[in-house]
Amino acid sequence: MSDLKITPKSIYLKRRSFIKNSFLGISSLSLSKFAQFSSFASQNDKPTSYEAITSYNNFYEFGTSKSDPKKNAFRLTTHPWSVEVGGLCRSPKTLDMDDIFKLNKIEERVYRFRCVEGWSMVIPWTGFSLRDFLLHFEPDDNARYVKFETLYRPEEMIGQKSNILDWPYVEGLRMDEAMHPLSFLSTGIYGESLLNQNGAPLRLVTPWKYGFKSIKSIVKISFERDMPLTSWVKSNPKEYGFYSNVNPDVDHPRWSQKTERRIGEWLRRKTLMYNGYGEEVNDLYKNMDLKKWF
Ligand code: MTE
């Protein structure tokens with residue numbers, strides 16, 4: 001982490017107002033067009049405050065209420081930290097965070113973030129492309145899915161002493177989803193290193209999917225032939241699906257998905273298909289029945 005150059009918050013904010021004036025539309029997606037700083041939100045999406053992003057959290061390893069992660073996550077030791085990458089690939093490796101930073105160019109991306117519970121934020125992430133990261137390990141042709149796992153350390157993660165989920169937290173993506181240019185591994189927010197409550201030191205971000213897909217504090221990534229059984233699907237397959245793409249037309253049994261509460265705003269907003277990233281991700285799902293494959 002030592003040699004990482006991240007933009008101080010003040011410069012970041014100045015740069016952001018410049019970007020706001022010369023808005024990079026979300027339709028400009030292509031690998032070559034990703035600059036060091038890219039906004040994949042619109043002018044109508046003001047970034048949520050750092051305070052809200054770091055104090056209103058879901059991280060069940062630290063408790064189930066929104067304020068628990070901030071209160072309890074200080075117990076998690078994130079130095080040293082290593083991530084094991086393996087499974088169906090030609091160059092499996094275990095890397096520490098310094099190796100990971102050396103391997104990847106850090107960039108900043110502003111994405112909308114939508115939780116299945118019906119709230120949303122706009123988050124300026126720093127990190128790097130998941131695709132670029134995964135290619136270092138040379139996945140085999142028969143790798144069809146990528147599985148991610150969070151740390152299991154109940155002595156530091158007090159929520160893991162309860163059986164609310166089957167620990168460790170597991171998430172997954174289909175290979176083409178993982179290789180999509182929007183898929184991102186984050187190491188920071190607002191140019192600051194990720195705080196523990198947000199999933200330090202490394203978490204996934206897939207902005208067209210509900211927030212629970214964005215697994216935190218990752219220690220293991222593996223290329224798989226079969227669809228991984230993810231934590232929420234395992235705990236309640238009637239309520240949660242593997243894909244979990246944001247879809248205002250498919251309600252969760254307990255929450256309508258038609259609208260959302262943007263944290264920091266009073267009026268609810270209409271939820272957008274794929275959280276507004278349809279132009280970019282439509283093709284991934286063109287032959288699927290989105291009501292069946294939720
Ligand atoms: N990752 C782990 N390991 N454990 C969790 O409980 N919660 C998920 C996701 N990643 C979770 C997790 C859910 S439900 C959401 S909405 C987002 O993290 C919340 O991210 P945030 O707290 O940074 O907003």
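Analyst: In sorting residues by class, Ala, Val, Leu, Ile, Met, Phe, Trp, Tyr, Cys and Pro count as nonpolar, Asp, Glu, Lys and Arg as charged, and the others, Gly among them, as polar. By these classes, the shell around the ligand holds eight nonpolar, six polar and three charged residues.

The model is predicted, so local features need pLDDT of at least 70 and side-chain atom pairs count only at pLDDT 80 or more, while totals for chains, interfaces and linings use all residues. Residues are numbered from 1 along each chain as its sequence is written, and side-chain values use heavy atoms, with hydrogens and water left out.

The ligand is surrounded by 17 residues, and the closest are Asn57, Tyr60, Glu61, Arg203 and Lys216. Here a residue is near a molecule if one of its heavy atoms lies within 4 Å of it.

A backbone N or O atom of Tyr60 is 2.7 Å from an oxygen atom of the ligand. In Arg203, an N or O atom of the side chain lies 2.7 Å from an oxygen atom of the ligand. Ser214 takes part through its backbone, where an N or O atom is 2.9 Å from a nitrogen atom of the ligand. On its own the ligand has 530 Å² of accessible area, and the protein covers 98% of this; such areas come from the Shrake-Rupley method with a 1.4 Å probe.

On a 1 Å grid over the protein atoms alone, a pocket is an open set of points with protein on both sides within 12 Å along at least five of seven lines, a cavity is a set of points where a 1.4 Å probe fits but cannot get out, and lining residues have an atom within 4 Å of a point. The ligand sits in the largest pocket, where sitting requires that more than half of its atoms lie within 2 Å of the grid points. About 500 Å³ of space lies in this largest pocket, a volume being the space filled by probe spheres set on the points, which are joined across faces, edges and corners. Its lining has 31 residues, of which Asn58, Phe59, Tyr169, Gly211 and Phe212 are the closest to the centre. By class, this lining has 17 nonpolar, eight polar and six charged residues.

Helices (H or I, at least four residues) and strands (E, at least two) are DSSP runs numbered from the N terminus. Both β5 (119–129) and α7 (231–235) supply at least two residues of the lining of the largest pocket, and β5 gives the most, with four residues.

Other spaces can be described in the same terms. The second largest pocket contains about 230 Å³ of space. Its lining has 19 residues, and the closest to its centre are Tyr210, Ser244, Asn245, Val250 and Phe294. That lining has 10 nonpolar, six polar and three charged residues.

Three cavities of 30 Å³ or more are found in a search of the whole structure. The second largest cavity has a volume of about 50 Å³. Among the residues that line this cavity are Arg112, Phe113, Arg114, Tyr210, Gly211 and Ser214. Strand β4 (residues 107–114) contributes the largest share of the lining, three residues. By class, the lining of the second largest cavity comprises four nonpolar, three polar and four charged residues.

Key: Polar contact = N/O pair within 3.5 Å; in protein donor to acceptor, adjacent residues only side chain to side chain.
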